[in-house]
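Here is a friendly briefing to keep beside the viewer. Please have the sequence and the 3D model open as you read.

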Amino acid sequence: MKELQYLFNYVEFPEGCDEIYDVAGGAGDVAIALTLKAYIERQPIKKATIVDPVSEFEKYSELIMNYMPFGKQLKEMVHFQEGVLQDLEFSQNAIVIAKHPCGDLADNLIERWLNSDSPKLVIMTCCQGKAQDRNPRYGLSADEWKKLCKMSDWTNSQDPKKKTAWHGCDDRTGYKACRIFARSKC
Ligand SMILES: C[S@@+](CC[C@H](N)C(=O)[O-])C[C@H]1O[C@@H](n2cnc3c(N)ncnc32)[C@H](O)[C@@H]1O
């Protein structure tokens, strides 16, 4: 809940943005919360899309909206799309957000977004350690990749040494250790 609250306060809609993508969205709490924010603030958001391969989440997101203020209006704007992020195209009027895309989903999403016209991407990272046995990226060796994936999981450690170990990550991978990764295209 704290994370959702953080994103609610943190995310600002870029000028010209009228669409939200909540990728790896599960039940779409981010899409729902940000659409509500946009509605209350009279921001010009017209549509929010929750993308997840698990179709059962659609019912769950409907259920959440049934209990939300302005639920009827939210249901007109928030839609569930059963699918994977690897197939998505993001337009120039869409902000892309992912809360807890696990393993290498964040890497896949960054690649997808970089090749799109979307002006803004916000990721709250999750479980990068699960990607340690995947193919290395960013020119890293398999050993370096594995080590950095493991280290990035330490941001949740209670051990202060481990928690801050990622400060030593090199530029190519430092983002993985961040809890929030946000980029805007100029
Ligand atoms: C840790 S959950 C996060 C769900 C939600 N954003 C949240 O914070 O509660 C990761 C989600 O990614 C979805 N997922 C798995 N593979 C995916 C893919 N290739 N593309 C999009 N979503 C995927 C899963 O079904 C799961 O709902």
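A crossover is called right-handed if, with the strands pointing away from the viewer, the path from the first strand over the helix to the second runs clockwise. Helices (H or I, at least four residues) and strands (E, at least two) are DSSP runs, numbered from the N terminus. With those terms in hand, you can find a right-handed β-α-β unit made by β4, helix α5 (residues 105-114) and β5.

Please keep in mind that this is a predicted model, in which local features need pLDDT of at least 70, side-chain atom pairs count only at pLDDT 80 or more, and totals for chains, interfaces and linings use all residues. Residue numbers start from 1 along each chain as its sequence is written.

**Overall picture**

- The protein has seven helices and six strands, and along the sequence they follow the pattern α-β-α-β-α-α-β-β-α-β-α-α-β.
- Of the 186 residues in the protein, 36% are buried; that word applies if 20 or more other C-beta atoms lie within 10 Å of a residue's own, while exposed stands for 12 or fewer and partly exposed for the range in between, with C-beta atoms placed from the backbone.
- Two residues are in contact if their C-beta atoms, placed from the backbone, lie within 7 Å. Taking contacts between residues at least 6 apart in sequence, 71% join residues at least 24 apart.

**Confidence**

- pLDDT is the predictor's confidence in each residue, from 0 to 100. Its mean for the protein is 88, and 87% of the residues reach 70 or more.
- Residues 169-179 stay under 50 in pLDDT, and the model has 24 contacts beyond four places in sequence for them.
- Where pLDDT is low, the predicted coordinates should not be read in detail.

**Strands and their partners**

- Two strands pair if DSSP finds at least two bridges between them.
- Strand β1 (residues 19-23) has five of its five residues buried. Both of its faces are covered, with Glu 19, Tyr 21 and Val 23 on one side and Ile 20 and Asp 22 on the other.
- β1 pairs with strand β2 (residues 47-52) in the parallel sense over five bridges. From β1 the chain crosses through helix α2 (residues 29-40) to β2, and this β-α-β crossover is right-handed.
- Within β2, Val 51 is the bridge partner of Val 23, and Lys 47 stands opposite Glu 19.
- β1 also pairs in the parallel sense with strand β4 (residues 94-99), over four bridges; here the bridge partner of Glu 19 is Ala 94.
- In β2, five of the six residues are buried. This strand runs parallel to strand β3 (residues 78-82) and is joined to it by five bridges, with Thr 49 opposite His 79.
- Strand β5 (residues 120-124) is mostly covered, with four of its five residues buried. Five bridges join this strand to β4, and the two run parallel; Ala 98 stands opposite Ile 123.

- Leaving out residues up to four places away in sequence, Thr 35 touches Ile 20, Ile 45, Ala 48, Leu 74, Met 77 and Val 78.

- Most residues other than glycine have a negative phi, and most peptide bonds are trans.
- Ala 24, in the loop between β1 and α2, has a positive phi near 55°. Ala 24 is buried, with 24 other C-beta atoms within 10 Å.
- Arg 42 is not a glycine either, and its phi is positive at about 55°. This residue is found in the loop between α2 and β2, and it counts as exposed because it has 7 C-beta neighbours inside 10 Å.

**Around the ligand**

- Which residues are closest to the ligand? They are Ala 24, Gly 26, Val 84, Leu 85 and Lys 99, among 17 residues that surround the ligand; a residue is near a molecule or strand if its C-beta atom, placed from the backbone, lies within 6 Å of it.
- The shell around the ligand divides into 11 nonpolar, four polar and two charged residues. Here Ala, Val, Leu, Ile, Met, Phe, Trp, Tyr, Cys and Pro count as nonpolar, Asp, Glu, Lys and Arg as charged, and the others, Gly among them, as polar.
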